[in-house]
Amino acid sequence: MDRIIYLDSGATTFPKPEEVYQTMNQFYRAYGVNPGRSGYDMCMMAGNMVEDTRKLLTDFFGGENPNRLVFGYNATDALNLAIFGLLKAGDHAITTTIEHNSVLRPLYHLFRDSQVEVDHIPFDRKGFVHPEDFERKIRKNTRLIVVNHGSNVIGTVQPVKEIGRICREHGIPMLIDASQTAGKMPINVRELNVDVIAFTGHKSLMGPMGIGGLYVCEGIEIRHTRAGGTGVRSAVRPHLDEYPYRLEYGTPNLPGIAGLNAGVKWLQTQGVENIQAHEEKLLKMLRDGLREIEGVTMYCQDDLTNHIGVLAFNIDGLEAMDTGTMLDVDFNIACRTGLHCAPLVHEQLGTDKIHGAVRFGIGPFNTEEEIRTAVQAVREITLSRVKR
Ligand SMILES: Cc1ncc(COP(=O)(O)O)c(C=O)c1O
């Protein structure tokens, strides 16, 4: 089979850097024991690697205290921990229509089951929310603002720094969902006025699946909504309040943390800014190429400033799913079609009525040649549709 052109990095990056596979294999074989639970050498080595990765990610996100970097399974898990741990019955939260279901659904459950009210700020024609819209919605009982940092459908990067400034003025914590941006662009929580950041390991951080987490800035206390083993101070009846134990439960994903460690180190050797520049160049090529094709509609791609390499489009008269199938079967191009777990984005774009859109997600290993092939494939599909 011809080599696949992988343009589904919005879902997960593939392949991973070789170091990630190697590290996971070697580390788990050599030190695959329960970290931090005992004092023998292997256990200490496993524990040291976990602590080293906390420090690595804390520095990576511009945080200060590695103990406040907690590991969970993925961004969904981390967002659930933060949202359920920061809101209670009678509170009000503000979010956006750009969110992924891993923000929308926890908030919906709180609305349905715990009388938490939620406002959703819409994005403008270019795909951006406006900080002043958040300020207008703040109430006495607003206890959380949750913002998608980079969209997994339209690729726009939101002005979180300005939204965070408003949050600080009103004493409201801001949580950002950095699932799409972490590893694609530099992020510094202090510079961006972020209180809590949720990340996932398997996308642009170049780690494996099943690992993600939160960095929680000083002064923000998230209630624990779970309880269990932490490996330390076992005689204490309730779950421990201090970080990182406060938000970690049971045996961690040790091979996942080892892989994430290798992924982040790989990013550091490449330079996140270099990866960002490479992906921006490919995004521009893709956007410019698709713009030339009559019958192709792209969403929020006119201005590529503050954009990551994610592009959604449709071909007039074709279902997104059919375009995706043709890209796969006829051209060996992998992409994602449908609503992308972000139903309100499609509702606002009106693409919910045509079953969503086709999404190309660019990753660090994509090449200019692959982008040219993808543009040509869309051209051929569009022409074949006209002939039919
Ligand atoms: C913006 C955004 N948030 C959250 C998630 C959920 O990430 P995970 O599946 O790793 O929990 C995704 C994944 O597609 C995403 O794109």
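Trainee: Which side chain does a polar contact of 2.9 Å join to that of Glu-370?

Mentor: First, the ground rules. This is a predicted model, in which local features need pLDDT of at least 70 and side-chain atom pairs count only at pLDDT 80 or more, while totals for chains, interfaces and linings use all residues. Residues are numbered from 1 along each chain as its sequence is written, and side-chain values use heavy atoms, with hydrogens and water left out. A polar contact is a pair of N or O atoms within 3.5 Å; within protein, one must be able to donate a hydrogen and the other to accept it, and residues adjacent in sequence count only if both atoms are side-chain atoms. Here the partner of Glu-370 is Arg-3.

Trainee: Where is Glu-370 found, and is it buried or exposed?

Mentor: Helices (H or I, at least four residues) and strands (E, at least two) are DSSP runs, numbered from the N terminus. Glu-370 is found in helix α11, residues 368-387. Buried means under 20% relative accessible area, exposed over 50%, and partly exposed in between, with a 1.4 Å probe and protein chains only. Glu-370 has 7% relative accessibility and therefore counts as buried.

Trainee: Which residues is Glu-370 in contact with, leaving aside its neighbours within four places in sequence?

Mentor: Contact means heavy atoms within 4.5 Å. With those neighbours left aside, Glu-370 touches Arg-3, Ile-4, Ile-5 and Phe-365.

Trainee: In what order do the four strands of the open sheet stand?

Mentor: Two strands pair if DSSP finds at least two bridges between them. The order is β9-β10-β13-β12, with antiparallel pairing. Strands β9 (296-298) and β12 (336-338) are at the edges with a single partner strand each, so one side of each has no neighbour in the sheet.

Trainee: How many bridges join β10 to β13?

Mentor: Four bridges join β10 (residues 310-315) to β13 (residues 357-361). Leu-311, for instance, has Phe-360 in β13 as its bridge partner.

Trainee: Which helix packs on the sheet and touches β9, β10 and β13?

Mentor: Axes are lines fitted to C-alpha atoms, for helices over the stretch in contact, and angles run from 0 to 180 degrees between N-to-C directions. The helix is α8 (residues 272-291), whose direction makes about 15° with that of β10. Helix α9 (residues 320-331) also packs on the sheet, touching β10, β12 and β13, and its direction makes about 45° with that of β13.
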